[in-house]
Amino acid sequence: MVRFSVVLTLFMICLLLLAGPLAAQEPLTGREIMVRVDERADGDDRTSKMRMTLTNKRGRTRVREMSSLAKDYGKDSKSVIYFLKPADVRGTAFLSWNYDDSSRDDDKWLYLPALKKERRISGSSNNDYFMGSDFTYDDMGDRSVDEDEHRLLRVEMLDDRRCWVVESVSLDEDETCRKRVLWVAQELDLPLRIDYFDKDGLYRRYQAFDIQTVAGYSVVYRKLMENILTHHQTLLELAEIKFDQGIADAVFRVSALQRGRLR
Amino acid sequence: MILRLLLLLLIALPAANCRAGWEQIAEKVQLSGYGETFHAARIRNLSEMNSSRTGVRLEAAAEFGPAYFFVSGDGEKNWKLADESGFSLHEAWFDYVGDGWDMRLGRQIIIWGKADGIQITDLVSPPNYTEYITRDLDEIRLPVTAAKFRLLGDVAVTEFIWIPFFKAAVLADGESPWQQVDREALWHKAVEEPDDALANGEFATRMSLYLSGLDLAFSAFYTWDDFATWHRRMEERDGSDELYYTPRHHRLTVFGAEFSRPQGDFVFRGEAAALLGRYFEAKNSNYNPLKRNLFNWLLGCDWTPGNQWTLMTQISGSSVSDAEPLLRDRHTLLLTLNISKKLLRETLILSNMLYYSVNDKGVLDRAQMQYEVSDGVAFYLGLDLFDGESGTFNTYRDNSQLWCKLRYSF
């Protein structure tokens, strides 16, 4: 009797010891993975210079250069982009206050140097392409996790990195992009590739290249977006990036935008 | 005028706390601008030109910490209006950004309002109607020499503007096909403009609020009417009575309000202005213009349904306090519709702006195609159609024009 109770006790202890690790090995859900991507550490603020090269199927290129500043306010964020090149868009600036609450429209203003004033623009329409590129405003901004329903499809290797493959289906049936499939690098919580599907199938593909660590944060230095149907592609290259510079809140106000330059 | 500006800049330069040598200063100067050629022919007879000009805009800017200097100038050869040919200073100002405030001193263009193509509260920079409203906004608005000071809060921006030197609006005259009234044919005294006395300055203040989901602004402007009032009296001339005109500018006080609110795919906006003390022509042209108060308002809606479409519609009204015995109607209404579509990855933009004046059934339709030939090079082709039973649009019926423009930006 005593021997049986000792064995039972030992068995219970072993069970308890194994329960912890076993529980940790349960696969993450699609949503949990996307929350990790969304909450990936990227600094409290970010300053960067970017070069965007648009290439059509005949090889003709157009180049845009921009300065971008962004700052987190809890789960919300504010960002401003100033266009530097080409000359006919220089001085154009785009200010955005992005809210994590998907039921709340973002606040956006566009400053046009030809009009010498800012104007409010719709915060809901994010499907249009950004400055003629293959990136949409949604791609350039911060998409809320709750705008899609997420499902983990599988785990596979991509570019020598172990990735979760997650399917995200938009909850808004009016969106052009009905579904995205993301390859999320497990060690980085960063999408290395995203396939975009509309009602007819795959139409865009995003790929991340040249991932480096800057100030302890993972940074994608080259982002390529291809339109599979039109054979047009956009390469977004980071020239420089700085984190946690303590960007003043004043930079993200309309009053700063109205100066028509980055200050 | 230019000497005053240079003096201002020379005084401001030390204030910029600039210790850089001249070589270092030169390195900080950024040059930019554009060259363009514009030609417009009348539709009724394409050999008749409404406009033919080629010009260049040069801009220079330099930043030294919180201080920023900007100057721009124009050079133009105008084959239609010889007086427009030559070189001129466009803007020359100095910015300084402090902690919670900033200021801009010098010759500058100041734009207010939320309207598209219509001036309601946007009265600080006077208009240049040399070619009516067919020119770009940058060419229609005249710079003023002003001191602008802003207090910058988290959500509120308060502006104080002082314009010490009066600048009148420019109307088409002389050989211009856009001239409505040949004033030079009238017997008149030279236009009396306010002199440069301190008491003749203009003062403006505006408080803007930028909230989540709503922009608001309230303004007050103690100014001069940019357009001279043509007072008249009968006088004897060569043995007969003739109207003798004594044009002068009058003081005007303007109170304004604006709002802009996004809602889904829409942006609703509006503004209103009460102009106290404006003069209007009487029905009988022998009578002097009469002083009235005017209320202008506008409501607009911008819709971006996606796929690079933009639709902007506006309704604008104007009401005068007492229409008797004025030449104009007591209430007037103007509708506008602006539709644009971007194509070919925004290298091609098609747009159409329609103005409809309800009272005189007047129409102005401006269709335009803009094509980006390459980075920085754009070609424009447009059609301006005027029509109506009476009113300004009817006056310009013969000026309906086909135009083209080529611009190189650098």
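This is a predicted model: local features need pLDDT of at least 70, side-chain atom pairs count only at pLDDT 80 or more; totals for chains, interfaces and linings use all residues.
Trainee: What are the dimensions of chain A along its principal axes?
Mentor: The C-alpha trace spans about 90 × 45 × 35 Å.

Trainee: And how many helices and strands are in chain A?
Mentor: Four helices and 13 strands.

Trainee: What share of the residues in chain A is buried?
Mentor: 48% of its 263 residues. The accessible surface of chain A is about 13400 Å², and carbon and sulfur atoms account for 52% of that.

Trainee: Switching to backbone. Where is the cis peptide bond in chain A?
Mentor: Between A:K85 and A:P86, with omega about 5 degrees. A:P86 sits in the loop between β3 (76-85) and β4 (93-98). In chain B, a cis bond joins B:E324 to B:P325, with omega about -15 degrees. B:P325 is in the loop between β17 (309-320) and β18 (331-343).

Trainee: What is phi for B:Q308 and for B:L344?
Mentor: Near 65 degrees for B:Q308 and near 50 degrees for B:L344. Both values are positive, and neither residue is glycine.

Trainee: Is B:Q308 buried or exposed?
Mentor: B:Q308 counts as buried because its relative accessible area is 13%, under the 20% cut-off. B:L344, at 59%, counts as exposed.

Trainee: Which residues form the negative surface patch?
Mentor: B:D83, B:D173, B:E175, B:D182 and B:E184. Of these, B:D182 lies in the loop between β9 (170-171) and β10 (202-211) of chain B, and is partly exposed at 41% relative accessibility.

Note on methods: Residues are numbered from 1 along each chain as its sequence is written. Chains are lettered from A and ligands numbered from 1 in the order in which they are written. Side-chain values use heavy atoms; hydrogens and water are left out. Patches are made of residues with over 30% relative accessible area and no salt bridge: like charges are joined within 9 Å, nonpolar side chains (Val, Leu, Ile, Met, Phe, Trp, Tyr) within 5 Å. Accessible areas come from the Shrake-Rupley method with a 1.4 Å probe; for residues, only the protein chains shown count as cover. A salt bridge is a side-chain nitrogen of Lys or Arg within 4 Å of a carboxyl oxygen of Asp or Glu. Lys and Arg count as positive and Asp and Glu as negative; His and the chain ends are not counted. The place of a charge is taken as NZ of Lys, CZ of Arg, CG of Asp or CD of Glu. Helices (H or I, at least four residues) and strands (E, at least two) are DSSP runs, numbered from the N terminus. Buried means under 20% relative accessible area, exposed over 50%, partly exposed in between (1.4 Å probe, protein chains only).
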